[in-house]
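Please look through the structure below together with its sequence.

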Amino acid sequence: MIQADHLTKYYGHQAAIQNLSFHVARGEILGLLGPNGAGKTTTMRILTAYMPPSEGTALVNGFDVFHDSLEVRRRIGYLPESAPLYPDMTVSDYLNYVATLRKVNHRPKQVCETLEKVDLGAQRNLLIGKLSKGMRQRLGIAQAIVHDPEVLILDEPTIGLDPRQIMAVRKLIRDLGGKHTVILSTHLLSEVEQICSRVLIINKGQIVAEDTPANLILHLEGGERVRLKTLAAPADAVNTLRSLPEVSQVCQIDADTFELECSLGLDCRLAVAQLVVERGWGLLELRTVSISLEDVFLELTADQQVRQ
Ligand SMILES: Nc1ncnc2c1ncn2[C@@H]1O[C@H](COP(=O)(O)OP(=O)(O)OP(=O)(O)O)[C@@H](O)[C@H]1O
Ligand SMILES: [Mg+2]
């Protein structure tokens, strides 16, 4: 369980995060989403007791990250942005070393099972310096989970992995959720939809949205959207389409394509089709479009909107 209250971090005079409050229950997988520089890594460093907040508090399973930092670290597995790996050690020696520091019981078995989980069994005797980028990332994940921590904090866990490994690591994280508490950051919106039970979108150090992926999409959806491709003169098309009572918004996407938002509760396709025929514009395409989490993300992080 993680409870963050009014977390703020200043680097010099600049606030990297401001007044962040959120809660992650045991078994939940929370996705931290935000553009570059939003404050994801800063938040994670505070939660892992790597550095103190300037203001506010955070509790990990009841322990304060500032006052009980050792207790916090004991309960956490952390995959940092760049995991500190030693190039002259072999994969299994390194993981064994981490497991010793973490006072893991049944060490050889646990090390072996963890290497299998991240698909590094075949590389166990390789020097870390000879691993590929994706293998190094997976070893970073291995060191975060080898002691079976109650809380997992993963900073962009699937970055640099090939598609097959991405799927395997996502499954691993999904399996860990349920029993563990997981926070992960990512730029991959499909990742959030596939594995996170809740999403926190941060922009410029502030929370702009917090909900399940499905609710975020629903919330933004408003009226149904329709894509129209026509040979009409664009200015004429925009003005005429706007005058239809079934249409609430018209946006020109490119020379011959328009995106229309239907008035709430209405399907504007029939009215639009009739208009196009009446005017003799020539209809190339007319279809509804669905909103993705990517649309939600782009809209929420376009300018500074703060959660009320
Ligand atoms: N050590 C530091 N000293 C000064 N400023 C920093 C430091 N670390 C981060 N910052 C600043 O804090 C803000 C948040 O950075 P942070 O690394 O938390 O973002 P992020 O969301 O993890 O971004 P990314 O998606 O690129 O990893 C940025 O403006 C960054 O320049
Ligand atoms: Mg980061």
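Strand S11 (residues 225–230) and strand S13 (residues 257–262) pair in the antiparallel sense, and five bridges join them; here strands are DSSP runs of E with at least two residues, helices are DSSP runs of H or I with at least four, both are numbered from the N terminus, and two strands pair if DSSP finds at least two bridges between them. Within this pairing, Val-226 has Leu-260 of S13 as its bridge partner. The model is a predicted one, in which local features need pLDDT of at least 70 and side-chain atom pairs count only at pLDDT 80 or more, while totals for chains, interfaces and linings use all residues. Residues are numbered from 1 along each chain as its sequence is written, and chains are lettered from A and ligands numbered from 1 in the order in which they are written.

Strands of a sheet pair through backbone hydrogen bonds, either parallel or antiparallel. S12 and S13 run antiparallel and are joined by six bridges, with Gln-249 standing opposite Glu-261 in S13, and these two strands form a hairpin that has two residues between them. S11 and S14 also pair in the antiparallel sense, over six bridges, and in S14 the bridge partner of Thr-230 is Leu-283.

How many of the seven residues of S14 are buried? The number is zero, so S14 lies largely in the open; a residue is buried if 20 or more other C-beta atoms lie within 10 Å of its own, exposed if 12 or fewer, and partly exposed in between, with C-beta atoms placed from the backbone.

The chain is divided into domain 1 (2–211) and domain 2 (222–291), with bounds that come from an automatic or database domain assignment. The C-alpha centres of domain 1 and domain 2 lie 45 Å apart. Another separation can be followed from Lys-171, which is found in helix H6 and counts as exposed, with 12 C-beta neighbours inside 10 Å: its C-alpha atom is separated by 53 Å from that of Arg-279, 108 residues apart along the chain.

A second open sheet to follow has four strands in the order S2-S1-S4-S5, with antiparallel pairing, and its edge strands are S2 and strand S5 (63–64), each pairing on one side only. Strand S1 (residues 2–11) and strand S4 (residues 55–60) run antiparallel and are joined by five bridges, with Gln-3 opposite Leu-59 in S4. H1 packs on this sheet, touching S1, S2 and S4, and its direction makes about 120 degrees with that of S1. Seven of the eight residues of H1 are buried, so this helix is largely enclosed by the rest of the structure; among them are Lys-40, Thr-42 and Met-44.

Helix H1 (residues 40–47) also gives the most to the shell around ligand 1, with three residues. The residues around the ligand include Tyr-11, Asn-36, Lys-40 and Thr-41, where a residue is near a molecule or strand if its C-beta atom, placed from the backbone, lies within 6 Å of it. The shell divides into three nonpolar, six polar and one charged residue.

Finally, some backbone angles deserve a look. Most residues other than glycine have a negative phi. Asn-19, in strand S2 (residues 14–24), has a positive phi of about 55 degrees although it is not a glycine, and Asn-19 is partly exposed, with 15 other C-beta atoms within 10 Å. Glu-156, in the loop between strand S7 (151–155) and helix H6 (163–176), has a positive phi near 50 degrees, and Glu-156 is buried, with 20 other C-beta atoms within 10 Å.

Definitions and conventions: Nonpolar A, V, L, I, M, F, W, Y, C, P; charged D, E, K, R; others polar. Contact = placed C-beta atoms within 7 Å. Axes fitted to C-alpha atoms, helices over the stretch in contact; angles between N-to-C directions.
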